[in-house]
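Dear colleague,

Here is the structure I said I would pass on. My notes are below it.

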Amino acid sequence: YKMLGRGESKGVFQMESSGFRDLLVRLEPDRFLDLIALVALYRPGPLGGGLVDDYVERKHGKQTFTFENPVVEEVLKDTYGVMVYQEQVMRLLSGLGGIPIARAYTVVKAISKKNTDTINSAQEDFIAGAVKNGLERSRAEELFDQIRFFGGYGFNQSHSTCYALIAYQTAYMKCHHPTAFLAALITYEAGNADKVKDYVAECR
């Protein structure tokens, strides 16, 4: 984790681009959950929507946030109150809005495809369910707007977890067995002169 926090992730699965290395330095990940979130967040939608900045700032205690409802806290506490995954959206729709989980999955897909009829129908049901569960109507409307915005580019948590696991494994190999790891990378990329040059520079 210290190695990743220094941005030394050349050769690490999913994490070797200059932008991702900059993000690792900003975040200084210290737990596996951070890696899962970073894989999901490092895409144009979350980056452009400011979610990455919120995640980083909240992790370091520079931005305050509160949970106005126990369901919201349960769903979003691991990501500092930031919606990161499709599964979180589904759990909010179901747990807070009373929408059956199978329908919640359909709603998430409808948001990504901009199917307004399905979205609008779900919005009314969600707001009614959230109010019934103790949320102010204005806050319920605001939360659904966030769901609608996020759902357009939400990433699947299970998919992100698999990617993060491989990232962690390759980072572990680079950290603890750097000679063998970099030799293997150069061998694998032997036909790509630019990659070989890049990894030789990393060796130095």
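The notes cover a helix pair, the nonpolar core and one further residue. Please keep in mind that this is a predicted model.

Helix pair. Helix α12 spans residues 178-188 and helix α13 spans residues 193-203; their axes come within 9 Å and cross at roughly 165°. Angles over 145 degrees count as roughly antiparallel, and α12 and α13 are therefore roughly antiparallel to each other. Their crossing is left-handed. On the α12 side the contact is made by L182, L185 and I186, and on the α13 side by V196, Y199, V200, E202 and C203. By type, the residues of this contact are seven nonpolar, one charged and no polar.

Core. The largest nonpolar core has 54 residues, and the members that touch the most others in it are M15, M83, L93, F126 and I147. Helix α3 (residues 32-41) supplies the largest share of this core, with seven residues. As for M15, its contacts beyond four places in sequence are S9, F20, R21, L24, L35, V39 and A167.

I101. This residue lies in helix α8, which covers residues 101-112. Is I101 buried, exposed or partly exposed? Its relative accessibility is 45%, so I101 counts as partly exposed, since that class lies between under 20% for buried and over 50% for exposed. Setting aside residues up to four places away in sequence, I101 touches M90 and S94. N120 is 19 residues from I101 along the chain, and the C-alpha atoms of the two are separated by 17 Å.

Regards

Methods
Residues numbered from 1 in each chain as written. Predicted model: local features only at pLDDT ≥ 70, side-chain atom pairs only at ≥ 80, totals over all residues. Heavy atoms only, no water. Axes fitted to C-alpha atoms, helices over the stretch in contact; angles between N-to-C directions. Helix = DSSP H or I, 4+ residues; strand = E, 2+ residues; numbered from the N terminus. Parallel < 35°, antiparallel > 145°, perpendicular 65-115°, else oblique. Left-handed = near helix turned anticlockwise from the far one by under 90°. Contact = heavy atoms within 4.5 Å. Nonpolar A, V, L, I, M, F, W, Y, C, P; charged D, E, K, R; others polar. Buried < 20%, exposed > 50% of the residue type's maximum accessible area, 1.4 Å probe, protein only. Core = buried A, V, L, I, M, F, W, Y, C linked by side-chain atoms within 4.5 Å.
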